[in-house]
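The sequence and the coordinates are shown first.

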Amino acid sequence: MPPAQHYKTVTECNLHGLRTGEPHRIRACGVKSAHQPSFRQGSDISTRTADDLPFDNSFAGLPPAFYTRLMPTPLPAPYFVAASAPAARLVGLDPADLAHEDFVAVFTGNDVPQRAQPLAAVYSGHQFGHWAGQLGDGRAILLGDIAGPDGRMELQLKGAGMTPYSRMGDGRAVLRSSIREFLCSEAMAALGIPTTRALMVTGSNQGVIRETMETAAVVTRMAPSFVRFGSFEHWRYNNKPEELRTLADYVIETFYPALADAPNPYVALLEEVTRRTARMIAHWQAVGFMHGVMNTDNMSILGITLDYGPFGFMEAFDVDHICNHTDQGGRYSYANQVPVGHWNCYALANALLPLIGDQEAAQAALDVYIDAYGEKFDELLHAKLGLKSTQENDRALADDMFKLMQANHVDFTLFFRRLGELEVDVPHAQRDEADAPLRDLFLDRAAFDAWAAQYRDRLRLEGSVDAARRVAMHAVNPKYVLRNYLAQVAIEKAQNGDFDEVRRLLAVLERPFDDQPEHDSYAALPPDWASHLEVSCSS
Ligand code: AMP
Ligand code: MG
């Protein structure tokens, strides 16, 4: 991977870095109850119990080599923590039902619905750039899939006990990381970023040992599929071409049916996944999201954000920010997410190469990454800046902005939100006062003034109208993101048995672009104590 110093500014890293970095190469890897809750399917409302959930089992239709059938391991006295109403609707469930004990039992893994066929899937992957061999669902158990108004969703219990793929792990997830995954999945969805979803979190007082003793929890995740880049790498590196083909055919037929008629469906798959991955990462960069562990086993074949662990949202802007305390080399820093996304697509290409059969065609498919990323990021950045047209100097304007944000450690979210409030035509004498909320984010006020003058000129060039621009910018620049300290406050309360804050924070994050004046404090800069927060892979 190219060294971090190639990517010193955001637009350089985002738009040029990949061109100037070391070329990647496709390697010929040659190796190798009584309660009757309502259940809604589409507009059809029927009454069902949790035991009656209408699971199908699309993934379980694959040959047994792809997974191990097993039951989740029950947890003692499970309790309800929180549920997401928008996620519930995606599988036709009434959110009000989810707190009921029979749903809590099912979504902890203590009861298995009749139609579920629980399983843990096998996959492998590259971790921090190194081949890690077999991994697999070490603590996640797939129950099956349910049809909802927008299509089918698989439901997976994360933290539901040991599987044959648990390696050294205990098969459990702790309340802290489950709340983080739950809140972030739903926050990302509300931001319009492709992501897995989270239906609910349950907890138990069973102890789980991490750096300290914590307690167990289960987060129910949902996605059309949890197949990863590493699912393909698994068969490639184990030299199993038949299984590789079976998996690729399953994915194309089920999730990319339009590609089945392409001259070479496998290269079409690679190209489409590469494009979706690039666009997903453009979304991350535009909102300051850092995934933290972009290993190939955490890369979704659907191009959706998968596996929330030590993620973070950028606060004081630093293009080299590393959100994962365990990632000492900064492989997954903010700037590196862009080339790493491409690197991961190369890993997928390596895996698919026996099916594609044509190295040049695979290379061409991978090459779409740069433009797909650049175009998406450009589009998002223009919207963030409230620009409707494209001008030659826009990139320079944005570069100057990011350099200024970097030099002044400006809070990413507050900057873009307040930028939307800027008025173009303020008399010179009143400008400092009018700009104060935004201007005060900068130590170097003179540098800000100079940039703001450029920006105002650019807005005038397209006859930008303040009120309309403000509305448009507020619709793309969130006021609320899941800052680490907000999650931490909610987690600490939950660890003491008070779940109100998790639920309140979820409600705020479900409407990230709305002003919500009663929740202004959730948009505030992190308090001093938060500078000591560290998130790591421990979950
Ligand atoms: P992650 O870094 O969370 O994406 O996990 C990498 C691999 O380790 C996956 O195969 C996980 O299923 C597995 N894993 C992580 N934590 C545990 C755990 N507590 N018990 C069993 N397997 C785990
Ligand atoms: Mg993972």
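Two strands are taken to pair if DSSP finds at least two bridges between them. Helices (H or I, at least four residues) and strands (E, at least two) are DSSP runs, numbered from the N terminus. The model is predicted: local features need pLDDT of at least 70 and side-chain atom pairs count only at pLDDT 80 or more, while totals for chains, interfaces and linings use all residues. Residues are numbered from 1 along each chain as its sequence is written, chains are lettered from A and ligands numbered from 1 in the order in which they are written, and side-chain values use heavy atoms, with hydrogens and water left out.

**Strand pairing**

Strand β4 (79-83) is joined by four bridges to strand β11 (residues 197-209), and the two run antiparallel. Within this pair, A83 has M200 of β11 as its bridge partner. Burial is judged by relative accessible area: buried means under 20%, exposed over 50%, and partly exposed in between (1.4 Å probe, protein chains only). Four of the five residues of β4 are buried, so the strand is largely enclosed by the rest of the structure.

Strand β9 (residues 151-158) is likewise largely enclosed, because six of its eight residues are buried. On one hand, β9 pairs with strand β8 (residues 140-148) in the antiparallel sense over eight bridges, and a hairpin of two residues joins β8 to β9. In this pairing L142 stands opposite Q156 of β9. On the other hand, β9 pairs with strand β12 (residues 213-223), again in the antiparallel sense, over five bridges. Here K158 has V219 of β12 as its bridge partner. In a regular strand the side chains alternate between the two faces of the sheet.

A further antiparallel pair consists of strand β6 (residues 124-127) and strand β7 (residues 130-134), joined by three bridges.

Helix α16 (residues 500-509) has E501, V502, L505, L506, V508 and L509 as its buried residues. Seen down the helix axis, these buried residues fall within an arc of 160° (taken from the directions from the axis to the C-beta atoms), so they line one face of α16. Their cover includes β4, α4 (175-190) and α15 (484-495), where contact means heavy atoms within 4.5 Å.

S178 lies in helix α4 and counts as buried at 1% relative accessibility. Leaving aside residues up to four places away in sequence, S178 touches A173, V201, A217, V218 and V219. S178 and V219 are 41 residues apart in sequence, and their C-alpha atoms are 5.6 Å apart in space. The side chain of S178 also reaches the backbone oxygen of V174 at 2.8 Å. A polar contact is a pair of N or O atoms within 3.5 Å; within protein, one must be able to donate a hydrogen and the other to accept it, and residues adjacent in sequence count only if both atoms are side-chain atoms.

H283 lies in helix α7 (residues 265-287) and, at 16% relative accessibility, is also buried. With residues up to four places away in sequence not counted, H283 touches G192, I193, P194, K376 and L380.

**Ligand 1**

Ligand 1 is surrounded by 17 residues, the closest being G136, G138, R167, G171 and N298; a residue is near a molecule if one of its heavy atoms lies within 4 Å of it.

| Residue | Protein atom | Ligand 1 atom | Distance |
|---|---|---|---|
| G138 | polar backbone atom | oxygen | 2.8 Å |
| R167 | side-chain N or O | oxygen | 2.8 Å |
| G171 | backbone N or O | nitrogen | 2.8 Å |

The protein covers 81% of the 480 Å² of accessible area that ligand 1 has on its own. Accessible areas come from the Shrake-Rupley method with a 1.4 Å probe; for residues, only the protein chains shown count as cover.

**Positive phi in loops**

Most residues other than glycine have a negative phi. R167, in the loop between β9 and β10 (173-174), has a positive phi of about 45° although it is not a glycine. At 58% relative accessibility, R167 counts as exposed. H409, in the loop between α10 (394-407) and α11 (412-419), has a positive phi near 50°. H409 is exposed, with a relative accessible area of 52%.
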